[in-house]
Structures are given as C-alpha cells and as structure tokens.
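Please look over the sequence and the model below before reading on. This briefing covers strand pairing, the packing of a helix and the lining of a pocket.

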Amino acid sequence: MTCDHHHIGRMESGGRREVGNAFYITASSNRELNSLLFSIFLGSELYFSTDVLQLAIMVLPIETPVKASVSHKLSIPPLNERILSSMTRRSVAAHPWHDLEIGPAAPQIFNVVIEISKGSKVKYELDKKTGLIKVDRVLYSSVVYPHNYGFIPRTLCEDSDPLDVLVIMQEPILPGCFLRAKAIGLMPMIDQGEKDDKIIAVCADDPEYKHYTDINELPPHRLAEIRRFFEDYKKNENKEVAVNDFLPAAKAFEAVQHSQDLYADYIVESLRR
C-alpha cells in the first residue's frame, strides 16, 4: 500500500520499523494489524513532511497448536437486492412533495407525508424550498391536533399547496415520515375566504382502522371533534375558518384525482417554459 501524500515519522512502539523511506509493519493477528494501522494513520504521534512513503504491510501467520492448522477464509455476504436498490438515485426521495410517488392505488389509497403528529400543539409544515419540515408556529388556542396531519405528494390545490390529509390511526407519527392512507371522506373548508378542503383518511396499515371505507362509519363524536378543532384552532389569531358538512369517500376520490391532474398540468406548463 502506498501513502502518497505525507511522510510518516518514526514510531517508537513495537511492531513497526523504518528502513530508509519504507515503513514495515508486522502483526500476529488481524486485530493487532488493525490497531497498528489505526495508530499510524490517526495517532497523535505522527509528524508530516512532503516526502512520499512506501508502506509495506506484512502479516505474520498466527501460531496454532501442533494438532492442526486451520485457515480462516474471509467470506463476503451475497449482494442484497434491497440494499442495492436503496443506493440508486431513483429510490431516494430528495423532496417529499415532488420526488415521493403518490402510490399505484391512488386516488383511493395513497402515500401521505406526515407534518404534524397526533396530539401536537406545534404547527409543522413543509418548507417548499428545501423539502424539510419546519416549525411554522405553536397554536395560539388551547387545542392539539386530533389526528396525524400531512399532505399527499405530487398533488396541487388552488391555494398552491399539496392536498391536505387528516389520517385517523392508533398512534402518533413523527413529522417527516410517510405512510399509506385510505380516503374515506372529504371535509370542505374555507380558510380566510379561500378553499382549503381536507381529505379524511385512515391508515391503510393500521389493523384497527384499515377496514373503514366511508366517513359515515366513524362515530359521530369523532367527526364532531374534528370539525370543532378546525373551527377553533385559529380563533385566537383572529382568523375565520368555516367547516361545511362532511362528504362521502367518492367525493374524496374526486378531490385527490383533481389535485393530481392540477399537479400534472403544472409540471407540463413548467416544462414548456
């Protein structure tokens, strides 16, 4: 092995000797060899000059009992396709809005990027420039999000944001994670005079909720809690929010498909420019 950037100074400890500009290492085991190499390249005893050092490494055989000599062959594990696929650029979601796929079963079942955890009073949201989840504010009212809240990737609404989703499931999910959700209804909402509809969904991989197919299957009190949260969470900011009657799953499918079409049109238009 050649070290072509600096000359390594003389080391006083055992296992190493310097002959001319060659530096020889002897070790009785791989563990000792690794320790010596680590001390040479990372140790505090080193000093550097501009000379070139030729480094020769010799590993002495390990002494074994007289009975038999066993050779240990280093086995390389077989290549794992899952690991290899994770190394390709195509599989890396660089921006959760644009690079994460919506999923093959959309508009019924789709990926959702969680921005806000169930039970949180912190309003996290997607930073469109970086793709990171940022803190927008702490809610001014004494309320918390009743369920996990996020957006559907590769969708676009009239407010220039991706389509919002409230995902009903057993556990809170960390911001920045994504999951599969199934639309069961639509909550029409007007936020400060602008349309801001929300998809009501259940987690497609939660055994307690995945069997739900329509919003009317939820307990009435659950719907009342959701409505009340969105009616009140901006009141102390003097912002008006109006929530209309919940709509069935078919309307949610239409909303998701419409947002997909808007996103596709936007991409096509941007390419033309």
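In this predicted model, Leu126 stands opposite Ile133 in β7.

**The β6–β7 hairpin**
- The hairpin of β6 and β7 has 6 residues between its strands, and in this hairpin Gly131 takes a positive phi near 85°.

**The largest pocket**
- The largest pocket has a volume of about 510 Å³, and of the 24 residues that line it, Lys123, Glu125, Asp161, Asp164 and Asp196 are the closest to its centre.
- At least two lining residues each come from β6 (122–126), β7 (133–138), β8 (148–151) and β12 (194–195), with β6 giving the most, namely 4 residues.
- By residue class, the lining of the largest pocket consists of 16 charged, 7 nonpolar and 1 polar residues.

- Strands in the order β12-β11-β14 form an open sheet of 3 strands with antiparallel pairing.
- Because β12 and β14 (241–243) stand at the edges and each has a single partner strand, one side of each is left without a neighbour in the sheet.
- Strand β11 (residues 189–191) runs antiparallel to β14 and is joined to it by 3 bridges, and the bridge partner of Met189 in β14 is Val243.
- Helix α3 (residues 220–232) packs on this sheet, where it touches β11 and β14, and its direction makes about 160° with that of β14.

Technical notes:
Residues numbered from 1 in each chain as written. Predicted model: local features only at pLDDT ≥ 70, side-chain atom pairs only at ≥ 80, totals over all residues. Heavy atoms only, no water. 1 Å grid on protein atoms, 1.4 Å probe; cavity = no way out; pocket = protein on both sides within 12 Å on 5 of 7 lines; lining within 4 Å. Points joined across faces, edges and corners; volume = space filled by probe spheres on them. Nonpolar A, V, L, I, M, F, W, Y, C, P; charged D, E, K, R; others polar. Pairing = 2+ DSSP bridges. Contact = heavy atoms within 4.5 Å. Axes fitted to C-alpha atoms, helices over the stretch in contact; angles between N-to-C directions.
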